[in-house]
Amino acid sequence: MTVAASTVDPVHESVRQRFDLISRAATMGKYGSLALITAISVLPLLVIVAASLKSAPEFQSDGPFDLPNQVRVSNFQTAFNDGRMATAFVNTTLILIVSLIGTIVIGSMAAYAIDRFKFRGRRIVLALFLLATLVPGVTTQVATFQVVNALGLFNSRWSSIALYTGTDIVSIYIFLQFVRAIPKSLDEAAFIDGASHMTIYRKIIFPLLRPAIATVTIIKGVQIYNDFYIPFLYMPGRDLGVVSTALFRFKGPFGTQWEIISAGVLITILPTLLLFLFLQRFFYNGMTAGAVK
Amino acid sequence: MQAIAVDGVGVAAPPRRRRARRFRRAAIPYIFLAVPLILLVTFTYIPVGNMFWYSLTDWDGLDKTKEFVGLDNYEDVLTRPELYGVFWVSLYYFVGAFVQLAVAMYFATILSFNTRFKTFFKGVIFFPYLINGVAVAFVFLYFFRPGGVLDSVLAAFGAEGLQRPWLGDRSTVNYSLASVSVWRYLGLNFVLFLGAIQSIPEHLYEAASIDGANRWNQFRYIIAPGIKPVVSLSFILAIAGAMSVFEIPYIMLGGANGSATFVIKTVDTAFKFNKVGLASAMAVVLLVLILIVTAVQRVLIPDEGGELV
C-alpha cells in the first residue's frame with residue numbers, strides 16, 4: 001500500500017483511494033463489532049454493580065441504568081453476613097485445597113505409571129479412563145448418590161472432595177502429556193544410581209511437572225469454585241454451604257431484594273475477577289490444554 | 001521398558017532375590033495406579049453399573065427391595081411425551097451453540113490480526129466463561145425480569161412494543177435461556193479458536209500476502225484448514241452439551257414454564273418424585289445417545305484420541 005503512495009499516476013491513485021475506503025470501512029466494522037461484543041459482555045454485569053450500590057427505596061424508584069446517588073457498602077455487609085458467605089468461603093476453600101492436592105497426587109502418579117511402565121492390563125486401564133470421560137456426570141448422580149450415601153459421605157465435605165478427586169480424568173491426561181515430554185534418560189540415570197521408582201517419581205518426575213500442576217490447578221480450581229450441583233445435592237446442611245449454594249439460597253429470603261442479591265453476585269465474582277486479572281496468561285494456556293484433551 | 005535395559009545390573013544377585021526384585025518391579029505400576037483405579041471404579045463404574053440395574057426395577061431409592069420390571073421403564077421413557085418430549089428443548093441450545101461457534105470464530109479471526117486493545121477485548125470476551133453459574137443465573141434473572149435491563153434497553157431504542165415477560169412467556173423462555181448459555185460459553189470457544197489460529201506459522205500469512213491474498217482468502221485457505229480439528233471437536237461437544245443442558249434453566253427457573261431439559265426431568269424424577277428406576281432408565285438413554293455422538297466423532301475425526309494409547 002505505502003509503496004504505491006509516491007506514484008502520481010491518476011489511475012493508480014483512484015484505485016488506491018478506493019482501496020483505502022474499503023479498508024477504512026473494514027476497520028470500522030471490526031472495531032464496531034468489538035464495541036458491540038464488549039457491551040454485550042459487560043453491560044449485564046455493570047447494571048448489577050449499579051444495583052448493588054442502591055438503597056432499597058432507591059432501587060424501587062430507579063431504572064436499571066440510573067446511577068446510584070452514593071457509594072454505600074451496606075448491601076455487601078447484609079449479603080455477606082445474612083447470606084452466610086464467610087462459612088461458604090471457608091467450605092469452598094477447604095474443599096478446593098484438599099481436592100486439588102488429591103487430584104495432583106493421584107493424577108501425576110497415574111500418569112507416571114501409565115507412561116513409564118509396560119504392564120499387563122495397561123490397555124484396559126487406558127480404556128477404562130477414556131470411557132469414563134464420556135459419561136456425563138450430572139445424570140449418573142442418580143446412581144452415584146447411592147454410592148456416596150452407602151459410604152457415609154452424604155452431608156459432609158468429603159462427598160464433594162471424593163467426587164472432585166475421584167472423577168477427574170482430564171487431569172490425568174494433562175499430566176500424561178507432560179510426563180511424556182520428560183526424557184526417559186533422566187529416570188534411567190537415576191535408576192542406575194540406585195534410586196527406587198518411588199524416589200524417581202518424587203525427586204525427578206514430580207518437580208518437573210510444575211507447569212502441569214499450574215494448569216490443573218487453574219482448570220480444576222475454576223471448576224470446583226463454580227460447581228453448583230454436587231454441593232447442592234450432597235451437602236444440604238445449613239453449615240455446609242459453599243459459594244455456589246450459599247448464593248443460590250439468596251433466592252428464598254431475599255426474594256426480590258435485587259440490591260442485596262446483586263451484592264452477593266459481586267462477592268462471588270470478585271475473587272475470580274482478581275485472579276483472572278493477575279494470572280491471565282495461565283488461564284488462557286490452562287483452558288486450551290484442558291479443553292482439547 | 002528401561003527396566004529391561006538395567007536388568008543386567010542385578011545379575012550378581014542370587015536367583016531368589018532376583019525373582020523377588022522382578023516381582024516388586026512388576027507390582028510398581030499397580031501400586032501407583034491402585035488409588036486412581038479404586039476411585040474410578042467406585043465413583044464412575046459402580047454407579048453406571050448400578051444405573052443399568054436400577055433401570056430394570058421400580059425402585060424408589062429408599063425401599064430395601066427392588067421389584068424387577070424388565071424394560072417397562074424404557075417403554076415409559078420412549079412412549080410418554082412428557083418424558084421424551086423435553087428433548088425438543090435441546091434444539092434451542094443446539095441452535096444457540098451454532099451461533100456461539102460462528103461468533104467465536106469471527107472474533108478469534110479478527111483478534112488474531114493486528115488490533116488495538118487486543119488483550120482487553122480478549123479478556124472481555126473470555127471472562128464470562130469463568131463466572132460462577134449461580135451468579136450468571138442471577139445476572140440474567142435481573143436482565144430479563146419485567147422492567148429489567150432488556151426492557152429498558154428496548155425502551156431506550158423506542159421499541160417498547162417488543163417488551164414482554166421474557167422468562168414468563170412460554171414462547172420466549174427457551175430463546176432467552178439459550179442466549180444466556182451462548183453468553184456464558186462463547187469465551188471458551190473463542191479462546192480455543194484463537195489459540196489454534198495463533199499456532200499457525202507466521203510465514204504462511206507472509207507467503208499469502210506476497211501472492212496477493214486478501215483477508216478473506218487468508219481465512220479461507222490458511223486459517224480455516226488450520227483450525228479444523230478444534231472446530232470439529234467443538235461441534236461434537238456442542239451437540240453433547242445441548243443434550244445435557246442443566247445448570248442455567250435449573251437455577252434460573254427450576255425447569256418451570258416449559259424450560260425443563262431432559263437432565264432436569266431426570267434429576268426431578270429421581271430426587272423429587274423418588275422414581276429412581278425410571279430416572280435411571282432416562283439416564284441410560286442419555287448416556288447411550290452421547291456415546292453414539294462420540295462414536296460418530298471418532299469415525300469422522302479418526303486421529304482424535306489416538307495419541308493416548
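Reply: A:N155 touches A:M235, A:P236, A:G237 and A:L240, leaving out residues up to four places away in sequence. Two residues are in contact here if their C-beta atoms, placed from the backbone, lie within 7 Å. A:N155 lies in the loop between α6 (137–150) and α7 (157–166) of chain A. Helices are DSSP runs of H or I with at least four residues, strands are runs of E with at least two, and both are numbered from the N terminus. A:N155 counts as partly exposed because it has 15 C-beta neighbours inside 10 Å. The cut-offs are 20 or more other C-beta atoms within 10 Å for buried, 12 or fewer for exposed, and in between for partly exposed, with C-beta atoms placed from the backbone. A:N155 and A:V125 are 30 residues apart in sequence, and their C-alpha atoms are 32 Å apart in space.

This is a predicted model: local features need pLDDT of at least 70, side-chain atom pairs count only at pLDDT 80 or more, and totals for chains, interfaces and linings use all residues. Residues are numbered from 1 along each chain as its sequence is written, while chains are lettered from A and ligands numbered from 1 in the order in which they are written.

Now the chain around that loop. Chain A has 15 helices and zero strands. Its radius of gyration is 27 Å, well over the 19 Å that the globule rule gives for 293 residues, so chain A is more spread out than a compact globule. That radius is taken over C-alpha atoms, and the rule is 2.2 Å times the number of residues to the power 0.38. The C-alpha trace of chain A spans about 80 × 65 × 35 Å along its principal axes. Of its 293 residues, 40% count as buried. Among contacts in chain A between residues at least 6 apart in sequence, 74% join residues at least 24 apart.

One helix of chain A deserves a look. Helix α11 (residues 210–226) has 17 residues and reaches 24 Å from its first C-alpha to its last, close to the 24 Å expected at 1.5 Å a residue. The expected span is 1.5 Å times one less than the number of residues. Buried residues of α11(A) include A:I213, A:V216, A:I219 and A:K220.

Most residues other than glycine have a negative phi. A:R84 is partly exposed, with 16 other C-beta atoms within 10 Å.

Next, the domains. Chain A is assigned domain 1 (2–72) and domain 2 (83–292). Such bounds come from an automatic or database domain assignment. The C-alpha centres of these two domains of chain A lie 38 Å apart. Their contact takes seven residues from domain 1 and seven residues from domain 2. On the domain 1 side, α1 (10–52) and α2 (56–61) of chain A are the elements that give two or more residues. The largest share of that side, four residues, comes from α1(A). By class, the domain 1 side divides into five nonpolar, one polar and one charged. Ala, Val, Leu, Ile, Met, Phe, Trp, Tyr, Cys and Pro count as nonpolar, Asp, Glu, Lys and Arg as charged, and the others, Gly among them, as polar.

Chain A also meets chain B. The contact takes 73 residues from chain A and 69 residues from chain B. Helix α2 (residues 15–55) of chain B gives the most to the chain B side, with 20 residues. That side has 53 nonpolar, 15 polar and one charged residues.

Chain B has 15 helices and zero strands. Its radius of gyration is 26 Å, well over the 19 Å that the globule rule gives for 309 residues, so chain B is more spread out than a compact globule. The assignment for chain B gives domain 1 (2–71) and domain 2 (87–260), with C-alpha centres 41 Å apart.

B:N274 lies in the loop between α14 (262–271) and α15 (276–300) of chain B. B:N274 has a positive phi of about 55° although it is not a glycine. It is partly exposed, with 15 other C-beta atoms within 10 Å.
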